[in-house]
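Here is a short report for a first look at this structure. Start with the overall picture, then turn to the details.

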Amino acid sequence: MSTSFTHARATQTAPADRVDFGRRVLVVRRRGVAVRLEWRSVLVCAALALAAAGTAVLALMTGSYQLGADQVLSALTGGETGLVHDIVVEWRLPRVAAALVFGAALGVSGAVLQSLLRNPLADPGIIGFTQGSYTGALIVILVVNGTYWQLVGGALIGGMATAMAVYVLAYKQGVQGFRLIVVGIGVSAMLESLNIWLVLKADLEQAMAAAAWGAGSLNGVSWDQVAIGGGAITVLLLLAGMLSRSMRQMELGDDAAASQGVRVAPVRLGLIVVGVALTATVTAASGPIVFISLVAPQIARRLARTARIALAPAAFVGALLCLAADYIAQHLAPTPLPVGIITVMLGGGYLGWLLLTEARRRM
């Protein structure tokens with residue numbers, strides 16, 4: 001494996017066989033495959049990973065049974081047994097792992113859709129994909145009373161069906177980002193009404209369970225759910241990485257991407273499927289945790305100072321946001337709350353700021 005760095009000033013003339021964007025770049029080559037990484041993005045991801053690790057240790061320490069950092073680290077490395085091991089590894093760690101994995105999935109899902117639609121407001125929750133997954137899961141919970149695997153299938157089918165409906169309704173000599181968002185908002189409102197009707201028609205006990213789950217909660221997440229959801233999310237993240245180059249080319253427009261050999265329609269469909277599947281997997285395990293997929297890509301883009309939305313920084317920001325929101329919901333709120341309530345509060349404020357900023361920019 002060989003590694004090289006390239007860095008040149010904007011005023012210098014670049015070699016004829018290399019395009020120089022005036023940014024420091026890390027290029028990793030192995031077995032004929034070259035990966036180009038912007039050095040600032042690498043540093044941002046490393047800093048976010050350290051912040052997430054620190055927050056994870058804090059979450060594992062905090063609870064009705066307080067632990068020290070040395071006890072947590074000892075339990076994670078196998079040095080503790082008995083009650084401390086059970087508290088850290090069996091009770092608290094699955095929730096922390098779920099927050100990190102699910103947050104990363106939501107961050108990448110939002111990054112894919114915002115890049116695809118070239119709009120910072122593109123979010124699975126806003127354009128109906130999250131509501132569709134929630135509808136499918138609700139039908140399994142309230143009507144079928146199915147197993148966890150049926151819940152996963154229902155969320156995935158509901159999200160995919162909603163995505164196809166929005167895609168078809170927004171299609172008119174191609175799909176434009178603004179049209180798809182407007183259609184998605186309308187479909188989302190209809191599905192939200194359907195979800196409320198399903199809950200109101202259910203038995204009281206089922207309705208209360210569905211309403212609590214629908215707020216987006218990591219309560220009761222087990223290692224089985226983390227393993228199943230994490231495995232599916234890992235595969236989907238790899239697929240997103242494989243499509244990332246074509247995704248960046250499509251940000252220049254369909255015609256420009258097609259001129260560079262990108263098969264626009266199949267790639268767009270593949271990106272939508274990956275984005276929806278990531279959202280549906282999280283929804284099936286924890287309910288709809290909204291707004292992380294809206295906020296994470298934009299925060300990541302500003303931290304990395306890139307003109308485009310990068311997937312890796314968005315994943316790290318999403319993981320940190322979800323874990324921090326869950327910590328606030330458990331330990332800093334007056335009473336323990338579902339994590340989705342905290343993300344709604346934080347995301348709603350961010351959405352208002354984003355709309356105000358965009359309005360001022362267009363004036």
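## Overview

A residue counts as buried at under 20% relative accessible area, as exposed at over 50%, and as partly exposed in between, with a 1.4 Å probe and protein chains only. By that rule, 47% of the 363 residues of the protein are buried.

This is a predicted model, in which local features need pLDDT of at least 70, side-chain atom pairs count only at pLDDT 80 or more, and totals for chains, interfaces and linings use all residues. Residues are numbered from 1 along each chain as its sequence is written, and side-chain values use heavy atoms, with hydrogens and water left out.

The protein has 13 helices and three strands. These are DSSP runs numbered from the N terminus: helices are H or I with at least four residues, strands are E with at least two. Contact means heavy atoms within 4.5 Å. Among contacts in the protein with a separation of 6 or more, 69% link residues 24 or more positions apart.

## The salt bridge

How many salt bridges does a search of the whole structure find? It finds one. The term stands for a side-chain nitrogen of Lys or Arg within 4 Å of a carboxyl oxygen of Asp or Glu. Here the side chains of R95 and D326 meet, at 2.8 Å from N to O. R95 sits in helix α3 (residues 83-117) and D326 in helix α12 (residues 311-332), so the pair ties together parts 231 residues apart in sequence. Both R95 and D326 are buried.

## Around Q249

Q249 lies in helix α8 (residues 223-250). Is Q249 buried or exposed? Q249 is buried, because its relative accessible area is 17%. Beyond its neighbours within four places in sequence, Q249 is in contact with A257, Q260 and V262.

## The surface

The accessible surface of the protein is about 18400 Å², and 64% of it belongs to carbon and sulfur atoms. Areas come from the Shrake-Rupley method with a 1.4 Å probe; for residues, only the protein chains shown count as cover.

M164, V168, L269 and V273 form a nonpolar patch on the surface, with about 340 Å² of accessible area together. Patch residues have over 30% relative accessible area and no salt bridge; like charges are joined within 9 Å, nonpolar side chains (Val, Leu, Ile, Met, Phe, Trp, Tyr) within 5 Å. Helices α5 (148-170) and α10 (264-286) each supply at least two residues of the patch. L269 is in helix α10. L269 is partly exposed, with a relative accessible area of 39%.
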